[in-house]
Amino acid sequence: MLGDDPEAGAKELHVVYTQPETVEAYRKTGAFPDGAVLLKDVFATKTEALTTGTSSYADALIGRFIMVKDQSNKNAGPLWGDGWGWAYYEGPETRKTVTTDYQQDCLGCHEPARDQDLTYVQGYPILKN
């Protein structure tokens, strides 16, 4: 994510992970299979002038977003719905999510990507065939 002044470098760095079988299934069908896990780490950045030019790189972990595909909505509840399980963990926390209601905490950002299964697949270059 660009900073307010792009010449000053990136504001955040987003790194997305998933299982190899999720990538394979998505490439074949164009959809995420039930049980797919998408994890996005968001890092603050440091930026400095190097001999190759201005460079931004990951620094402290700001937080971690996790989505789990639930096609049948069998886990419906405050953290599950619209075909996904939703959670956000602040900083290095891995046990307690700060998400309390996905509709209020998550959909505001994800709604514009509804036609892409509520995910910004353009940020996942590995999904391209």
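Predicted model: local features only at pLDDT ≥ 70, side-chain atom pairs only at ≥ 80, totals over all residues.
**T45**

I started with T45, which is found in strand β2, residues 37-50. Buried or exposed, I wondered about T45? T45 comes out at 19% relative accessibility, and because the cut-off for buried is under 20%, T45 counts as buried.

Next I checked what the T45 side chain does. One of its polar atoms lies 2.5 Å from the backbone oxygen of A10. I then listed the contacts of T45, leaving aside neighbours within four places in sequence. A10 is there again, along with K11, E12 and L13. S56, Y57 and D59 complete that list.

**Aromatic pairs**

How many aromatic pairs does the structure hold? I get four. I wrote up two of them.

Among them are Y26 and F32, a tilted pair at 4.8 Å centre to centre with 35° between the planes. Y26 and F32 are both buried. I also noted that Y26 and F32 form one aromatic cluster with W84.

The other pair I looked at is F65 with Y88. Their ring centres are 4.4 Å apart and the planes are at 40°, so I logged this pair as tilted. It links distant parts of the chain: F65 is in strand β3 (residues 53-69), Y88 is in strand β5 (residues 84-90), and 23 residues separate the two.

I looked up accessibility for each ring of this pair. F65 has a relative accessible area of 34%, so I have F65 down as partly exposed. Y88 is at 17% relative accessibility and therefore counts as buried.

While on F65, I asked which residue has its charged end over the ring of F65. That is K40, whose charged end sits 4.8 Å from the ring centre.

Last stop was the backbone. I keep in mind that most residues other than glycine have a negative phi. Against that background I flagged two residues.

D117 is not a glycine, yet its phi is positive, near 60°. D117 lies in the segment after α3 (107-110). With 24% relative accessibility, D117 counts as partly exposed.

L118 is not a glycine either, and its phi is also positive, at about 65°. L118 lies in the segment after α3 as well. What is the relative accessible area of L118? I have 1%, so L118 goes down as buried.

Definitions and conventions
Residues numbered from 1 in each chain as written. Heavy atoms only, no water. Helix = DSSP H or I, 4+ residues; strand = E, 2+ residues; numbered from the N terminus. Buried < 20%, exposed > 50% of the residue type's maximum accessible area, 1.4 Å probe, protein only. Polar contact = N/O pair within 3.5 Å; in protein donor to acceptor, adjacent residues only side chain to side chain. Contact = heavy atoms within 4.5 Å. Phe/Tyr/Trp six-rings, centres within 6.5 Å; stacked < 30°, edge-to-face > 60°. Lys NZ or Arg CZ within 6 Å of the ring centre and 35° of its normal.
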